[in-house]
Every structure is written in C-alpha cells, then in structure tokens.
Amino acid sequence: MDSLFPAIFVLSVFSVFSLAQSSTIGVHHISSILDIQDRERASPAVQLAAARGVLKRLLPSHSFAFEFHLISKEQCRGKSCFIIRNNPSSYPYEHDEPEILIAGVTAVEVLAGLHWYLKYWCGAHISWEKTGGVQLFSVPKSGSLPSVQDSGVLVQRPVPWNYYQNAVTSSYSFAWWDWKRWEKEIDWMALQGINLPLAFTGQEAIWKKVFEEKFNITSSELDDFFGGPAFLAWSRMANLHGWGGPLPQSWFDQQLDLQKKILSRMYELGMTPVLPAFSGDVPAAFSYKFPSAKITRLGNWFSVRSDPRWCCTYLLDATDPLFVEVGGAFIEQQLEEYGRTSHIYNCDTFDENTPPVDDPKYISSLGAAIFRGMQSGDNDSVWLMQVKKIEVFIS
C-alpha cells in the first residue's frame, strides 16, 4: 500500500485532526458529520458522470481508456482511498476498450487516482498555469498505456478532508473569474484530491436578501456596506466597508448564479464545499434601524486612514438577541437559495482587526453566539475557523 495521496494539504488540518483523534468528543463529532455527508452525497451515477466529464476535458483522446467505479470504505480498509488496476479483458487491446480501472470512495478519490496514474506511470504534470500548467505530452496513446503492478495500487486518504483556499483568495485570485475558469479550477481541485474547498462566491447576494427582506435595510443603505469586487475579502472580514463599491444589481445576480454552478459541480464530485457564516459585521443602517441594539464601531484598519467613508465597521454585540437571529437568517437563506448544504461553515473573527474588548470572556461569548447562529439555521453545523493558517473544527 502506498502512503502518498496526490493533494495540496494544509498541515494544520493534519494537526487538528490528530488532536481530534486524541479526544473522544472530537472523534464523535467528526465521525457524526462524516456519516451525514456520506448519506447526503450525490449518487454514484452523478459522481461518475462528473468524473468522466473531468477526464474528457483533461484528456479527450483517452476518454475510453479509463473506466471509473465507486467503492465503499470497507473495500479501502476502512478509509477513503483509490484503487488502480489493469483491465485484464483489454489484452489484446481493442478500440474503445478501457485499459485502466480506477475505483474510489467518491469522484474526488477516483480523479485523484487518475492524476496519480498519469503522474507516476506516464510522467505527466497537472498544475496551475504559472507552475507548469497541464503537461500531458508524455502520456502514451490509447492502447499503449503502461500497466500497473498485477496486484494493483491502493492509496488511502490519510485524513478525511483536504482543505483549500483562505478568506482572501477570493479577492487575490478569483474576483473576475467566470464559470469556464471556475470549472477548470474545480477540475484541478478534484485531480489534486481536494474535497474541502471554501465556497464564498455570491454571498453578497445572500446578505442583500437577508438585510432587505428580514431586517428592512434598503438597497441604497447597503451601497456603502459592500466593497467592490476586488476588495470583497476585506469587506467580508469587516476591515473596511464601501471601498470600490457600490455593487450593481447585475453583479449580485451574476455572482449568485455563478455560485450555484460552483456548488452544483462540487457536490456532483462528492466534495464538501464550505459556506460562509455571520461574524457580527452589520451595515451602518443597523444602528438607527435598531436603536436599542448593542453595536460597536471597530477601529481603523491599516490602509483607510480613519476615513469614515471606509473605516471603522459596525459590530453587533454577541449578547444582543439580534446576533443569533441574523446568523440563523443567513444560513437559512443560503439553504433556500442552494437547496442543500454540507453543514461546514467558515467564520473568522477579528481577521486583521482588534477586538473592542480585551477580555477572553468577550471572545468566548462572541464565539458562542456565532455558533448558536449557525445552529439556529442548521442543527448539524460544524464551524471551521481559519486563524493564522490553523484550521479548527468546532461542533
């Protein structure tokens, strides 16, 4: 058995899962969410169709050279894995006869197995454009693919989830991507074995609906809340507001439609997309629409020079009853729009910001309120927090 798995791993995910393994509580919660995800995952037919779609986009000349199957974790010795075998019926080779059989627990494992085979048996390279791109010239023609050892190859996934991105990737890299570029990235994720990607696109459209329909905030009052497309990451982290905005309605509509395509493809491949959750950041209009609410203005962020047009965002206090109400409404609106969830949500507090109160009890109360907000919208919520490149699972 080979111990490798072709994926980009965030080391802290390994560390956190190891910590969870040392805790009976941690093991219980992680096992519980894994069981739920296994039950709710796309059908084998859907996943295999999605995997074949990736193969056709990657290597259309070899679309019949590989045959894909889904298998159980029991067939993988209790973990997720992929298994690569030769097709004994393909010798001598006949046209359109699959030469290599690849099986995995999900479509992601199947495609990771495809990548593994192309890399280690064919000398191919599959990466981002700036790190070599897709180099498949070394792959032999159909009918001449190299055989693996007779016993086959079994590669286990060492941890349940392979995490990808961070909170600012959406602005550094994804701001202007269309579906064609996203499809290419999701293909790359699957081939690398990534099954826990952040899925933050379109959340402004969700927030707009929540604030307008549930809390009576007008569209014009939201103009100075959302940042421009290239600055949304820092707007979402409550570092600034309005910078590069306002956003036109066409942007909200286009991004929401794009997010639905992204999520659909991720689910088809058996991935676990991570949706955003409420951290306490609210529009300025909240302070006068809800005059009894406990709202604090945060301090100046690094680059906006205390200019009130952009700085000093508004934080709803964790002890205010509205906090859980807003948090739950945001989760519920996502469920309504997308039709499903993977139950894992990301919410980073005070990312490049200073808390208004220097007291651990305050941070604790805020964390509790954030999680209650998630649970009020999704009882199976798991909170993934990314702090200084450490991913923490709380459930």
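Predicted model: local features only at pLDDT ≥ 70, side-chain atom pairs only at ≥ 80, totals over all residues.
Residues are numbered from 1 along each chain as its sequence is written, and side-chain values rest on heavy atoms, with hydrogens and water left out.

The protein contains 12 helices and 15 strands, where helices (H or I, at least four residues) and strands (E, at least two) are DSSP runs numbered from the N terminus. Of its 395 residues, 56% are buried, a term that denotes under 20% relative accessible area, with exposed set at over 50% and partly exposed in between (1.4 Å probe, protein chains only). When contacts (heavy atoms within 4.5 Å) are taken between residues at least 6 apart in sequence, 74% of them join residues at least 24 apart.

A nonpolar core is understood here as a set of buried Ala, Val, Leu, Ile, Met, Phe, Trp, Tyr and Cys residues joined through side-chain atoms within 4.5 Å. The largest such core comprises 95 residues, and the members that touch the most others are F66, F68, L114, L118 and L269. Helix α4, spanning residues 107-120, gives the most to this core, with nine residues. Apart from this core lies another, of 13 residues, which includes I30, I36, I344 and L384. For F68, once neighbours within four places in sequence are set aside, the contacts are with L48, A51, R52, L55, I102, V110, L111 and L114.

Residue A65 is placed in the loop between α3 (44-58) and β1 (66-70), and A65 is buried, with a relative accessible area of 1%. The C-alpha atom of A65 is separated by 9.7 Å from that of S144, a residue 79 positions away along the chain.

Two disulfides are present in the structure, a disulfide being a pair of cysteine sulfur atoms within 2.5 Å. With bonded cysteines counted along the chain, the pattern of these links is 1-2, 3-4. One of the links is formed by C76 and C81, whose sulfur atoms lie 2.0 Å apart; the angle about its S-S bond is -65°, and the link is left-handed. C76 is buried at a relative accessible area of 0%, and C81 is likewise buried at 0%. The other link joins C311 to C312 with an S to S distance of 2.3 Å, and with -75° about the S-S bond it is left-handed. Both C311 and C312 are buried. Two further cysteines can be described by their accessibility: C122 counts as buried at 6%, and C347 counts as buried at 2%.

A search of the whole structure returns seven cavities of 30 Å³ or more. On a 1 Å grid over the protein atoms alone, a cavity is a set of points where a 1.4 Å probe fits but cannot get out, and its lining residues have an atom within 4 Å of a point; grid points are joined across faces, edges and corners, and a volume is the space filled by probe spheres set on the points. The largest cavity has a volume of about 300 Å³ and is lined by 19 residues, of which Q203, R236, M237, A277 and S279 are the closest to its centre. Helices α7 (203-215) and α8 (232-236) each supply at least two residues of this lining. By class, the lining of the largest cavity divides into 11 nonpolar, four polar and four charged residues, where Ala, Val, Leu, Ile, Met, Phe, Trp, Tyr, Cys and Pro count as nonpolar, Asp, Glu, Lys and Arg as charged, and the others, Gly among them, as polar.

The second largest cavity holds about 120 Å³ of space, and its lining consists of 16 residues, with S170, F174, A175, T201 and Q255 lying nearest its centre. At least two residues of this lining come from each of α5 (169-172), α8 and α9 (249-268), and α9 provides the largest share, three residues. The lining of the second largest cavity has 10 nonpolar, five polar and one charged residues.

Technical notes:
1 Å grid on protein atoms, 1.4 Å probe; cavity = no way out; pocket = protein on both sides within 12 Å on 5 of 7 lines; lining within 4 Å.
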